[in-house]
Amino acid sequence: MKKKIALIFLLSALWWGATAQIQHVEPLNWWVGMKNKNLQLLVHGNNIGETTPVINYPGIFIKKIHKADSKNYLFIDVVVEKNTKPGTFPIRFQKAGKTLYSYDYSVLPRLSESAQRKGFNASDVIYLITPDRFVNGDYTNDVVPAMKETQINRKFEGARHGGDIRGIINSLDYISSMGFTAIWPTPLLENDMPSYSYHGYAITNHYKVDPRFGTLEDYKELSLKARQKGIKLIFDEVLNHTGLGYWWTNDLPFKNWINYPNVYQATNHRRTVNQDKYASEFDKNLMKNGWFDKMMPDMNGQNPFMANYLIQNSIWWIETLQLGGIRQDTYGYSDKTFLKNWSCALMHEYPNFSIVGEEWSINPLITSYWQKGKQNADGYDGCLTSVMDFPLQAALVEALKEKDDANFGKGLPALYEALANDFVYANPFQILTMGDNHDMDRLYTQLNNDAELTKMALTFLLTTRGVPQLFYGTEVLMENTGHHKNDGLIRSDFPGGWKEDTVSAFSGKGLSPQQLDMQLYLKKLLNWRKNNTIIATGKTLHFAPSGSVYVYFRYTNEAKVMVVMNKSKQAQTLDLARYSEILKEGSVVKNVVTDEVKTLGSTLSVAGKSAVVFEVK
């Protein structure tokens with residue numbers, strides 16, 4: 001009897017030892033009923049490339065097996081038929097007819113409306129959050145001893161401060177009450193780097209939530225509770241590069257899995273090579289193949305296995321979190337054929353989805369190139385639904401800072417002309433607009449800590465075409481004055497996000513009158529916008545600035561909104577005859593912030609340094 005028990009323990013130990021050899025199978029699971037029934041599994045384990053995988057499950061079969069350059073990887077092409085029964089089945093890895101390893105894999109039932117999910121659009125306003133700097137909702141996960149960076153130091157701008165997913169969940173009531181309808185947290189995936197890991201853009205595992213932010217279940221809870229409050233969750237993704245501490249760094253599947261695997265080579269950041277008909281192959285290759293940073297290896301989207309890996313990872317997160325959109329970091333740095341295939345694969349599965357790409361150029365000819373539907377001279381036609389409107393952002397800030405000069409396009413005329421460039425976009429109404437973000441000086445700082453100008457900028461962003469994005473803390477005039485372009489200070493802690501904070505944007509405790517005024521102003525304007533479809537669906541008619549006044553209208557057949565921006569310190573009186581093609585004398589207008597109602601005569605007076613939004617009855 002004792003020998004039998006010992007044998008059982010020995011066999012059990014051997015079995016567990018065998019299964020432990022399989023270290024990664026990705027994607028972690030899949031779904032029945034995807035439009036594309038093909039799935040490619042990455043399997044990583046000790047000498048796994050010397051085995052043959054076998055699947056015996058109705059509706060699922062292996063189409064092809066690929067060995068990698070490293071014997072520790074296999075890539076398995078699997079077909080999941082439409083009517084396959086959801087369940088879990090073993091993948092057996094055999095050699096010489098014997099099963100060495102077995103791995104249980106699951107295909108899940110897909111939500112009935114998953115394919116028709118809607119992304120963000122012009123009816124939304126996005127709240128951009130740097131999770132580590134927003135709210136610390138769970139102090140128990142601040143330090144994870146097994147990770148390379150194990151300190152919390154709120155006094156150092158480059159260290160981790162402790163904000164997490166639980167903090168965002170706890171703040172959903174505040175975000176909703178302010179009037180935001182979507183949140184974009186910067187990446188929440190594992191960044192197991194020795195320092196500066198707080199920002200999230202040096203991912204070391206595409207399928208793992210960083211434990212200092214929480215768990216996958218926390219992430220799912222955030223998505224669910226956000227949806228219940230009418231808030232869409234946007235996933236911040238990085239296709240171009242990873243962190244140097246990725247689990248595959250010392251054992252790449254293929255020699256060309258990443259670019260320049262043996263020596264660091266920086267990108268030249270010459271993003272115009274994607275459109276430039278005169279660009280050299282040298283510059284093109286350095287742009288798309290060079291590393292974004294010495295700690296961030298460049299993934300090779302030209303390798304078909306890497307391309308499949310990244311496409312499937314995006315789909316996995318969309319399905320797992322029931323996402324309302326993806327924001328794609330450093331768009332244009334990857335191979336543009338890969339970017340086309342990636343974006344079109346996602347839009348094939350989710351035709352009503354939204355993807356916004358970061359193309360940081362102030363030239364609309366460059367940014368417009370990537371948007372779906374653009375008729376490009378070189379025939380390029382990707383499926384990216386939205387781009388970030390850096391040209392308008394730059395024009396807005398300069399327009400409010402510069403002295404107005406219509407003859408030379410300075411000041412408000414520059415903003416007017418920037419909006420006039422919309423003819424280069426396939427769909428300007430889907431473009432993401434912003435006054436700032438996590439990579440540039442805060443809007444209040446850019447505008448020299450002028451609250452009135454900041455209020456004007458935000459009014460413009462919330463009433464012009466496009467999908468506006470506001471950076472967390474803008475509502476309470478967070479700034480980084482004196483620390484120009486210091487990322488860690490731009491992403492400072494949100495007041496009231498830590499239990500030891502003495503100032504709170506949530507309760508108003510300790511905020512200055514100016515901060516409270518801005519918060520209340522935005523809350524009123526955001527909630528008005530949320531309940532008024534004219535901004536999302538209306539056409540635009542604008543009039544060339546006169547003096548220091550810029551007037552534009554958003555309108556449909558049923559309604560009109562009039563916006564007046566007066567940059568002058570003095571009140572200005574408008575001759576309304578100039579706007580007679582859309583505005584009739586005797587019209588009744590309502591100030592959407594103060595609720596004041598008046599009947600228009602032949603003129604209209606507007607206070608100095610203000611932007612006023614009128615509903616035209």
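Reader: What makes E217 and Q228, on the other side of α4, count as exposed?

Author: Happy to start there! Exposed means over 50% relative accessible area, buried means under 20%, and partly exposed lies in between (1.4 Å probe, protein chains only). E217 and Q228 are therefore called exposed because they fall in the over 50% class. Please keep in mind that this is a predicted model, in which local features need pLDDT of at least 70 and side-chain atom pairs count only at pLDDT 80 or more, while totals for chains, interfaces and linings use all residues. Residues are numbered from 1 along each chain as its sequence is written, and side-chain values use heavy atoms, with hydrogens and water left out.

Reader: Which residues of α4 are buried, and how do you know on which side they lie?

Author: The buried ones in α4 are D218, Y219, L222, S223 and A226. They sit on the same side of α4 because they cover an arc of only 140° around the axis, the arc being taken from the directions between the helix axis and the C-beta atoms. Their cover includes α2 (165-170), α3 (172-178), β10 (182-185), β12 (205-209), β13 (232-237) and α6.

Reader: What makes α9 mostly covered?

Author: Nine of its twelve residues are buried, among them F390, L396 and L400. These buried residues pack against several elements, including α10 (412-420), α12 (451-463) and β21 (560-566). At the N-terminal end, D389 caps α9, with a side-chain oxygen 3.0 Å from the backbone nitrogen of L392.

Reader: How do you know that C344 and C383 form a disulfide?

Author: The test is a pair of cysteine sulfur atoms within 2.5 Å. The sulfur atoms of C344 and C383 are 2.0 Å apart, so the pair passes. The structure holds one disulfide, and with 85° about the S-S bond it is right-handed. C344 lies in helix α7 (residues 336-349) and C383 in the loop between α8 and β16 (386-387), 39 residues apart.

Reader: Why do C344 and C383 fall into their accessibility classes?

Author: C344 has 24% relative accessibility, so it counts as partly exposed. C383 has 14%, so it counts as buried.

Reader: What makes a group of residues a nonpolar core?

Author: The members are buried Ala, Val, Leu, Ile, Met, Phe, Trp, Tyr and Cys residues, joined through side-chain atoms within 4.5 Å. The largest core has 155 residues, and Y127, I183, Y219, W248, W257 and M565 touch the most other members. Helix α6 (residues 304-321) gives the largest share, eleven residues. A second, separate core of 18 residues includes Y579, I582, L600 and V612.

Reader: What is said of the phi of Y196, and why is Y196 placed in its accessibility class?

Author: Y196 has a positive phi of about 50° although it is not a glycine. Its relative accessibility is 45%, so it counts as partly exposed. Y196 is found in the loop between β11 (189-190) and β12.

Conventions
Helix = DSSP H or I, 4+ residues; strand = E, 2+ residues; numbered from the N terminus. Contact = heavy atoms within 4.5 Å. Polar contact = N/O pair within 3.5 Å; in protein donor to acceptor, adjacent residues only side chain to side chain.
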